Amino acid sequence: MISFANVSKQYGKQVLFIDASFQLNPGEKAGLVGPNGAGKSTLFRMILGEESADDGVVSLPKKLTLGCFRQEVDEMAGRSVLDEAIAGSGRLGDLHHELADLERGMSDPERADELEAILERFGHVQEEYQHLGGYELEARARACLQGLGFEDGQIDGDVGALSGGWKMRVSMAKVLLGTFDVLLLDEPTNHLDIESILWLEQYLKASTATILMTSHDRDFMNRIVSKVLEIDDGDIVTYSGNYDFYVKEREIREANQEAAYARQQAKLAKEQRFIERFSAHAAKAAQVQSRVKALDKIERIEPPKKRRIVKWDFRIPGRSGDDVLMLKGVTKRYGARALYDGFDFHIRRGERWCVMGKNGAGKSTLLKMVAGALAPDAGEVKLGASLKLGYFAQQSLDLLDPELTVLEQLQKDFPMEGLGVLRNLLGAFQFSGDEVDKRIRALSGGEKSRLVMARMLFDPPNFLVLDEPTNHLDLATKEMLVDALRDFEGTLLFVSHDRAFLRGLANRVLELGGDEHPGPMPFLGTYAEYVEKTGREAPGVHN
């Protein structure tokens, strides 16, 4: 269906692909992986025809329809959320709005002389619209938007009033509604909460479309893809299995290559010793020359490129008192809606609470009240003794100085620390080489998140309050962070939509406003135990 045959591509001195080949067959669901800058976005653009190969052939069937979701917010204004989602959904969306225009034209007295032409066109458009399933489109659009977390009021409201993250969800709905043959999805879970991610998983699993996607959500990849394409040093290597299978197979492949490289090096060294020992012996001259020629003909095995994951051992924070946080009779309202009404909550030292709940249940509100960024309407929020609190939220990104480089920001924050220590810290958060000299204003959202997290954890507080800390983080950084926080000797209160993060860290679950109960409900066990006992991975979502 889609194939790359011996494709080469480079930008200036940066080589992305050298004789790279792969094939994606109808109905396959594949993950695309590779380090930042490896060429994932370029590969998408080449499939879409926005860029061409320097050499080789990119081939797609002529009538193939492609839907692409990218990390870019479309310009959206002047329509309801529902109309915007329908309008962007390809041919069906175009027909939907043309029908509406034609209906208006039929009742417009100023266009009476065009009525015959309008009626004829209406007949053709209606026939195609009906054939493509158009009369179910609005119902499908509403179901899709609800699955992505929109309330009914939002669906009929002004799309221009939405934040960037919610507009990204509308962009996702457009692609899903378009009934495309192929879906190219770039980090589709980045702006979704766990409930919407679980809905999207089911939607994509049931889809008949061919899917190629990038994702930093390991569980999401495992449940959807049955093939992984890895961009590796200019080549594209295909693995037939899910993400976990790919990781194991890659490790085996690297171990085999390492062993073959070691064997060849030992053989070459032995031959070289023979040549050096007998090069001056006339009786052995023919033999030496023969071995020199044989050595020249041997195709050298390259050592496997090591994936450099820097482990960072965080400093041990000072010990807090046993009582870390006490909420007594806390009430918080937005208009007539009470998120918390006389809420009591107690966190003890060493506990790791994850907070779960649907959109608008009050997860971020709770964390803001704990961090002192928001006052309750009534009741008391009391922090324990000897407590140093660190709060991470998306707003924390605004505290960085846009004119400084990444390294300069850390030097400013920690003037007494050596350059080597700061470079190691940045390496653990995937800033290597020249990346430490990038100006903060040029960083992506994910890069800023990594930098803010590095600053906070360099001299860690003993009570970490984290609101979506894994947003935009790649898999390697997430895994490093889970490993580091697993050994963290402080207390955690966090919101996350990443199930690997939840499984790895949470030993307590606070569920807000679930279907079975109206108010906050504490679960005194790990996230894995919560899933096993309740039969759901998030409130209101049954497995």
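Reader: Is R250 buried or exposed?
Author: This is a predicted model, and in it R250 is found in helix α10, residues 243-278. A residue counts as buried under 20% relative accessible area. R250 has a relative accessibility of 15%, so the residue is buried.

Reader: How far apart in space are R250 and W312?
Author: Along the sequence, R250 and W312 are 62 residues apart. From C-alpha to C-alpha, the distance between R250 and W312 in space is 24 Å.

Reader: Is L367 buried or exposed?
Author: L367 has its place in helix α12, which covers residues 363-371. Residues under 20% relative accessible area count as buried. The relative accessible area of L367 is 0%, and therefore L367 is buried.

Reader: Which residues does L367 touch, not counting residues up to four places away in sequence?
Author: One of them is V495, which is 128 residues from L367 along the chain, although their C-alpha atoms are separated by 8.5 Å. With residues up to four places away in sequence not counted, L367 touches V355, Y391, V465, L466, D467, L493, F494 and V495.

Reader: What share of the residues in the protein is buried?
Author: The secondary structure of the protein comes to 18 helices and 20 strands. Along the principal axes, the C-alpha atoms fill a box of roughly 105 × 75 × 50 Å. Of the 543 residues in the protein, the buried ones make up 47%.

Reader: Among contacts between residues at least 6 apart in sequence, what share joins residues at least 24 apart?
Author: The contacts considered here are those between residues at least 6 apart in sequence. Within that set, the share joining residues at least 24 apart is 67%.

Reader: What covers the buried residues of α3?
Author: The buried residues in α3 are L92, G93, L95, H96, H97, L99, L102 and G105. Their cover includes α2 (81-87), α4 (115-131) and α5 (137-147).

Reader: Which residues of α5 and α8 meet?
Author: The axes of α5 and helix α8, residues 194-206, come within 8 Å and cross at roughly 135°. The two helices are therefore oblique to each other. On the side of α5, the residues are R140, A143, C144 and G147, and on the side of α8 they are S196, W199 and Y203.

Reader: Which residues in α8 are buried?
Author: The 13 residues of α8 should span 18 Å at 1.5 Å a residue, and the end C-alpha atoms of α8 are 19 Å apart, which agrees. The buried residues in α8 are I194, E195, S196, I197, L198, L200, E201 and L204.

Reader: Is T179 buried or exposed?
Author: T179 is found in the loop between α7 (164-177) and β6 (182-186). Phi of T179 is near 45°, a positive value in a residue other than glycine. With a relative accessible area of 52%, over the 50% cut-off, T179 is exposed.

Reader: Is E187 buried or exposed?
Author: E187 lies in the loop between β6 and α8. Phi of E187 is near 50°, again a positive value in a residue other than glycine. The relative accessible area of E187 is 7%, so E187 is buried.

Reader: Which residues make the contact between α13 and α14?
Author: The axes of helix α13 (residues 406-413) and helix α14 (residues 419-428) come within 10 Å and cross at roughly 125°. The two helices are therefore oblique to each other. The contact is made by V406, L407, L410 and Q411 of α13 together with L419, L422, R423, L425 and L426 of α14.

Reader: How many nonpolar residues are in the contact of α14 with α15?
Author: Helix α14 packs against helix α15 (residues 445-458) at an angle of about 125°, with their axes 10 Å apart. V421, L422, L425 and L426 of α14 make the contact with L451, A454 and F458 of α15. By class, this contact has no polar and no charged residues, and its nonpolar residues number seven.

How values were computed:
Residues are numbered from 1 along each chain as its sequence is written. This is a predicted model: local features need pLDDT of at least 70, side-chain atom pairs count only at pLDDT 80 or more; totals for chains, interfaces and linings use all residues. Side-chain values use heavy atoms; hydrogens and water are left out. Axes are lines fitted to C-alpha atoms, for helices over the stretch in contact, and angles run from 0 to 180 degrees between N-to-C directions. Helices (H or I, at least four residues) and strands (E, at least two) are DSSP runs, numbered from the N terminus. Angles under 35 degrees count as roughly parallel, over 145 as roughly antiparallel, 65 to 115 as roughly perpendicular and the rest as oblique. Contact means heavy atoms within 4.5 Å. Buried means under 20% relative accessible area, exposed over 50%, partly exposed in between (1.4 Å probe, protein chains only). The expected span of a helix is 1.5 Å times one less than its number of residues. Ala, Val, Leu, Ile, Met, Phe, Trp, Tyr, Cys and Pro count as nonpolar, Asp, Glu, Lys and Arg as charged, and the others, Gly among them, as polar.
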